[in-house]
Amino acid sequence: MCPQSHLIDAQRPDRYLAPSFLPATSRALVKAMSWITTRQWDDWSRLLLLSLMILIAVIFQDYGISTDEEVQNIYGHKLLDFYRSGFVDRSAFEFKDLYLYGGLFDLTAAMLNTVSPFGEYETRHLLCGLIGVLGCFGTWKVARRLGGPRAGFLAIVLLMLTGPYFGAIFNNTKDAPFAVGMIWSVYYTLGVIRRLPTPSRIDVVKFGLVLGMTLGVRVGGGLIAFYLLWSLAFDAWATYRRNLADGPPRQGQIPSKHLAQLSLRLIPAGFVSYGVMAVFWPWSVLSFLNPLRAIETFSKFPLHMQTLFNGQEVWSSNPPALYLPVYLGVKLPEPLLIGLALGVGIGAVWMWRNKKTLSAAETAPVISAWSPVVLASFAPVALFMILRPTIYNGIRHFLFVVPPMTVIAGCAWSAAWTRARQWKPLYGHALGAMFFTASACVLWVMFALHPHQYIYYNLFAGGVSNAEGRFEMDYWGNSLREATLGLAQHLEKEHHGQPIKKVYRVVVCGPQLSSSYYMPPYLKLVKPILDGRRRDDFYIYFTQAPGCERLLGGRNIMTVARLGVPLSVVRDLRPEDEPKIAQRDTSP
């Protein structure tokens, strides 16, 4: 039985309980996988990525329009107009605060929508979902390079099972593409590092290209440059220490000289990244200091709102130092957290055993290779705890730390599996069975949450149902699509399948487009009139929005819920004598 199964509605437990044969199946699977060769692990990884692409193509239309998508879509069209007008139409640089962000995704989506057979937002969701698969591919590449083919496979599994990531790759068209750009930037950083002290030109150009694309989403991509600089500095120090053991330092052996030579080789990456950034974020090059202005704005974003943290309302502009670490601790799936703890432990033991030989030819390359991944995982969290910038919606703004964390976790699980099998084969089978059983349970909960996987909470939060009222849930308003379509289905039943000629007035408390986009012709979105001069018919709201429940009254006819947690509600504002049906829960 899966750990969260006891949290399910007792009236319908069979809908979410894991199969009773799951542990036995996991043991059989692990025993079979113990014979898989290196090449076969790669084949399984490729099959998993292909399956994920097919899954994206099947389910991308199940996801609603997120709160920010409307303005981001407009921003993309304005950027397209900027290029179409020959750089004359500069309205994109005056549109709200969107000019502070790169337009790589939004501009690409706007161009695709000129030829796409799907709806405007469905096209965006499909594109974002495929980019999310690209993030899994990049995670596999990094984990495979550092831990081998099996580590790569496990890293893909862990990232796919991470609700905040999988649930975001459809309609979080800002943070998800940025997370993908960051993990690929880490991968090409490793490409530069592996050939030190003379990185190849192709590796340098690839690094600059991906860095520029990442900056073309969010200016925070500049963190990658600091990760690379740290690795270069360590390599220079290690080289100096090794040369010092051979005699007095000579010209070129001094760390500053060595670092300067390496930096000169990376100059082409700077030009390439700046050029790519200029294409997708033209505002950034209107003034040389504009990227710094964006960084300054985001460091203390002028948004003063309350956000839920462990049962308390805290101000987004002054969050507790533990806000991000706690949210990571309750949002990431259990296998990932266990693997991350294993990785930190393995790394600490390795550093302790090699503390006297960190600059040796055998150990220095290991530290240089792992530094970008470790820094990409933990440095942003440490910076948040020190600087405490504006934050809300849990880990949304720091989603980019999740892929490198899965790399560490995947490599740690693989290393522990190998060590356990060396100790005793039975222990290896047991460890592998534990991984796949826990992963299958998380997968079962993800299926139960579909298409709202991003509200996932692990057992450290008590599961999704116990996290309600303590942590943020459907902050994107993703459930409004389901509520709107449910209302349409309700009316079709009410009219016994006959054509609906009457137009019903619907009030929505929440992002309007998230509901109106899915309304059939017989539903009309109207603004609320609170003085009783007009009689509206239905009221839709999502539970994340404060005060919506008390706004208009009426009686509940449908609740969009997952694992017993209400996400959106549809209320009937018509007189009692008009047709109605019983309230129902729309959990799958």
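Q: How many helices and strands does the chain have?

A: The predicted model has 21 helices and 7 strands in its chain. Of the 588 residues in the chain, 54% are buried. Among contacts with a separation of 6 or more, residues 24 or more positions apart account for 74%.

Q: What describes two packed helices?

A: Two quantities describe such a pair: the angle between the two axes and the distance between them. In this structure, helix 8 (residues 175-193) and helix 16 (residues 364-387) have axes that come within 9 Å and cross at roughly 160°. Angles over 145 degrees count as roughly antiparallel, and helix 8 is therefore roughly antiparallel to helix 16. Their crossing is right-handed.

Q: Which residues make the contact of helix 8 and helix 16, and how do they divide by class?

A: Helix 8 contributes Val186, Thr189, Leu190 and Ile193, while helix 16 contributes Ser368, Ala369, Pro372, Val373 and Ala376. By class, this contact has 7 nonpolar and 2 polar residues, and no charged ones.

Q: Are helix 5 and helix 8 roughly parallel or antiparallel to each other?

A: The axes of helix 5 and helix 8 cross at roughly 30° and come within 9 Å. Angles under 35 degrees count as roughly parallel, and helix 5 and helix 8 are therefore roughly parallel to each other. The crossing of this pair is left-handed. Residues of helix 5 in the contact include Cys128, Ile131, Gly132, Leu134 and Phe137, and those of helix 8 include Val180, Ile183, Trp184, Val186 and Leu190. By class, the contact of helix 5 with helix 8 has 14 nonpolar, 5 polar and 2 charged residues. Val186 and Leu190 of helix 8 also take part in the contact with helix 16.

Q: Where do the axes of helix 5 and helix 6 cross, in terms of angle and distance?

A: Helix 5 (residues 120-147) and helix 6 (residues 149-160) have axes that cross at roughly 145° and come within 7 Å. The crossing is right-handed.

Q: Is Ile156 buried or exposed, and which residues does Ile156 touch?

A: A residue under 20% relative accessible area is classed as buried. Ile156, which lies in helix 6, has 0% relative accessibility and therefore counts as buried. Leaving aside residues up to four places away in sequence, Ile156 touches Ser45, Leu48, Leu49, Cys136 and Trp140. Ile156 and Thr139 are 17 residues apart in sequence, and their C-alpha atoms are 6.7 Å apart in space.

Q: Is Ser515 buried or exposed?

A: Ser515, found in helix 21 (residues 513-516), counts as buried because its relative accessibility is 0%. Beyond residues up to four places away in sequence, Ser515 touches Thr484, Val508 and Ile540.

Q: Which residues of helix 13 are buried, and where do they fall around the axis?

A: Helix 13 (residues 290-299) has Asn290, Pro291 and Ala294 as its buried residues. Seen down the axis of helix 13, these residues fall within an arc of 105°, so they line one face of the helix. Leu292 and Glu296 are exposed on the other side of helix 13. The buried residues pack against helix 12 (267-280).

Q: Is the peptide bond from His450 to Pro451 cis or trans?

A: The bond from His450 to Pro451 is cis, with omega near 0°. Pro451 is placed in the loop between helix 18 (425-449) and helix 19 (463-467).

Technical notes:
Residues are numbered from 1 along each chain as its sequence is written. This is a predicted model: local features need pLDDT of at least 70, side-chain atom pairs count only at pLDDT 80 or more; totals for chains, interfaces and linings use all residues. Side-chain values use heavy atoms; hydrogens and water are left out. Axes are lines fitted to C-alpha atoms, for helices over the stretch in contact, and angles run from 0 to 180 degrees between N-to-C directions. Helices (H or I, at least four residues) and strands (E, at least two) are DSSP runs, numbered from the N terminus. Angles under 35 degrees count as roughly parallel, over 145 as roughly antiparallel, 65 to 115 as roughly perpendicular and the rest as oblique. A crossing is left-handed if the near helix is turned anticlockwise from the far one by less than a right angle, and right-handed if clockwise. Contact means heavy atoms within 4.5 Å. Ala, Val, Leu, Ile, Met, Phe, Trp, Tyr, Cys and Pro count as nonpolar, Asp, Glu, Lys and Arg as charged, and the others, Gly among them, as polar. Buried means under 20% relative accessible area, exposed over 50%, partly exposed in between (1.4 Å probe, protein chains only). The arc is that of the directions from the helix axis to the C-beta atoms.
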